[in-house]
Amino acid sequence: MNQNQDQWKTRLGFMLAAMGSAVGLGNIWRFPYITGELGGATFLIVYLAFVFLIGIPLLLNEFSIGKAGQKDAVGSFKNLAPNTKWHWTGFMGVIGGILILSFYSVVAGWSLFYLYKYLTGSYWTEPDGGFGQVFNDWITNPLMPLFWQALFLGLTLFIVVRGVKGGIEKANALLMPILAILMIFMAGYVLTLDGALEGLQFLFTPDWSQLNNPKLYLTALGQAFFSLSIGVSGMLTYASYLKSKDKLPGAAIGVGVMDTVFAVIAGIMIFPAVFSFGLEVSSGPPLVFITLPSIFASMPLGNIVAIVFFVLLSLAALSSAISLLELPVSFFKRTVGMSRKAATYLCTTIIFVIGIASSLGFGIWSGVTIGDQNILGMVDFFTANFVLPFGAVLMAIFVGWYLDREQAKRNSEIENPVMFNIWYGIVKYLVPIVMIALVIANVFGYTA
Ligand code: PHE
Ligand code: NA
C-alpha cells in the first residue's frame, strides 16, 4: 500500500472534518426551504426516519469502503475489487462532487456577498423596492455573483492546497466549534421572539395527508443523503486518510447526530422568525436571502444577528466545500498522479467554469429551464435526487453483495454481533428495496 499517503493527525480531527463536510448549506439553506415547501413536521418525520434508518448506516458503509480501500474514490474501489467495474461508482462520485460544488459555490457566494452588505451596513434597513427586489437584482446581474463565487472557491482552494493535516484538519478544528456556538446563540435568541411558538408548531405538528405525496419521500431521501454527504465518495475519501486504529461506527453516529441537530436547530432558528414576522414559509431557495433579511431589518439587534447568521452560513458552506473539493483533488492526485497543488488549481478551475452556468441561469440564461427549475435547480435536483441515491445504493450493493460477509464485518468495525446483523441487513436488503420502491412510486406518482 502507498506509504506516503495523506493521513489525519488525530481521530478527532477526522470527526470534525467529517462533521464539517456534513454541516453546510444543506442544513441552513436547503433543509429549511424544503421543509417549508413540503409541509413542515411531516417532512421532518420522514426525513428523520431516513437519516437514522438508512443515512447513518450508509455513512458507515461509505466510511468502511474508504478506510479499507486507503485510496481516493476510484482507487479505493480498485483496491477492494481489482479487475471489476466497481471503480465507476467512485468515478461517478468524483463527477457528482464537481457538479455539487459548482452550484454550491454560487449560493455560498451569495452568502459571502450578504455578509459583506451587512458588515458595511447597506442591508440594515429594507432597501428601496424591498429585499425581494434587491435579491432579484443581485442574482440576475451577470458578473458580480461570479466574482463572489470565485472568491468563495478561492478560500476553499486556499485550505485544500495546504493538505489534509495542515489545511483541512486545522481549518475544521477551528470552524466546527465556531459554528456550534453561533448556531446555539442564534436559536436561543430567535426563541425569545413573539410568534416563535407558531414556527415551532409548524416544524413539529404533522399534516398526515402529506404522506400520500410520493415526491415527499424522494425529496426526504435526497435531502438526507445530501445533508450527510453520502453517495459521492467525499466521506469515503476522508475515511481513507484514517489510520487502522481509528474506529468507524462511533464516528458515523456522531456525524449523523450532529448533522441532524444542526438541521433541526436551523429549523428552530428560521421558522419561528418567519412566523413571528408573518412571512411566507414556502418561498423556496430564496428563503434565507429574502425572508430572513426582512426579519433581521425589523428585529431587535437584527444587524448583529444578521452578521452572525451570514458568518455561520458562509463558514458552514466552506467546511463542506472543502470536502467537495478534496474529493476530485485526491482523485487527480493519486489516480492521475498530479501534485496536490496542480490538482487543486485544476479542480477549482473546472468547478468554477461549470458553476458559471448555474449562476447565469438566474439572469441572462434564465430561459434554460426544465419544468420550473433553472440551471442551478436542475443540477441540484439531478445530484441530490439521482447521483447521491444511486451512488449510495451502489456502495450498499458493493458491500452487501460483492464483498463477503466477513470482509464487510471487518471493514465496518462493528463489534457487537447483533448490531452487525442489523446494519448488514439494512445495507444488503433494506436499502436496495427502499430504492426500488421509491423509483417505482415516483415514476407512477409523476406520470399518474
Ligand atoms: N452535506 C453538505 C451540506 O449539507 C453538502 C455535501 C454533499 C457535501 C455531498 C459533501 C458531499 O451542505
Ligand atoms: Na448537512
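R340 and D6 join their side chains in a salt bridge, with 3.1 Å from N to O; the term denotes a side-chain nitrogen of Lys or Arg within 4 Å of a carboxyl oxygen of Asp or Glu. Because R340 belongs to helix α15 (residues 340-360) and D6 to the segment before α1 (11-22), this pair ties together parts that are 334 residues apart in sequence. The model is a predicted one, in which local features need pLDDT of at least 70 and side-chain atom pairs count only at pLDDT 80 or more, whereas totals for chains, interfaces and linings use all residues. Residues are numbered from 1 along each chain as its sequence is written, chains are lettered from A and ligands numbered from 1 in the order in which they are written, and side-chain values use heavy atoms, with hydrogens and water left out.

R340 also forms a salt bridge with E326, at 2.9 Å from N to O. This second pair links R340 in helix α15 with E326 in helix α14 (residues 302-335), 14 residues apart. Helices here are DSSP runs of H or I with at least four residues, strands are runs of E with at least two, and both are numbered from the N terminus. R340 has a relative accessible area of 10% and therefore counts as buried, the classes being buried under 20%, exposed over 50% and partly exposed in between (1.4 Å probe, protein chains only). E326 is buried as well. Salt bridges link D6, E326, K333 and R340 in a network.

The structure holds five salt bridges, and one of them pairs K67 with E413, whose closest N and O atoms are 2.5 Å apart. K67 lies in helix α3 (residues 41-69) and E413 in the loop between α17 (405-412) and α18 (417-447), so that the pair links parts of the chain 346 residues apart. K67 is buried at 8% relative accessible area, and E413 is buried at 16%.

The largest pocket contains about 660 Å³ of space. On a 1 Å grid over the protein atoms alone, a pocket is an open set of points where a 1.4 Å probe fits, with protein on both sides within 12 Å along at least five of seven lines, and lining residues have an atom within 4 Å of a point. Its volume is the space filled by probe spheres set on the points, which are joined across faces, edges and corners. Among the 27 lining residues, Y33, E37, P285, Q373 and G377 are the closest to the centre of the pocket. Helix α16 gives the largest share of the lining, five residues.
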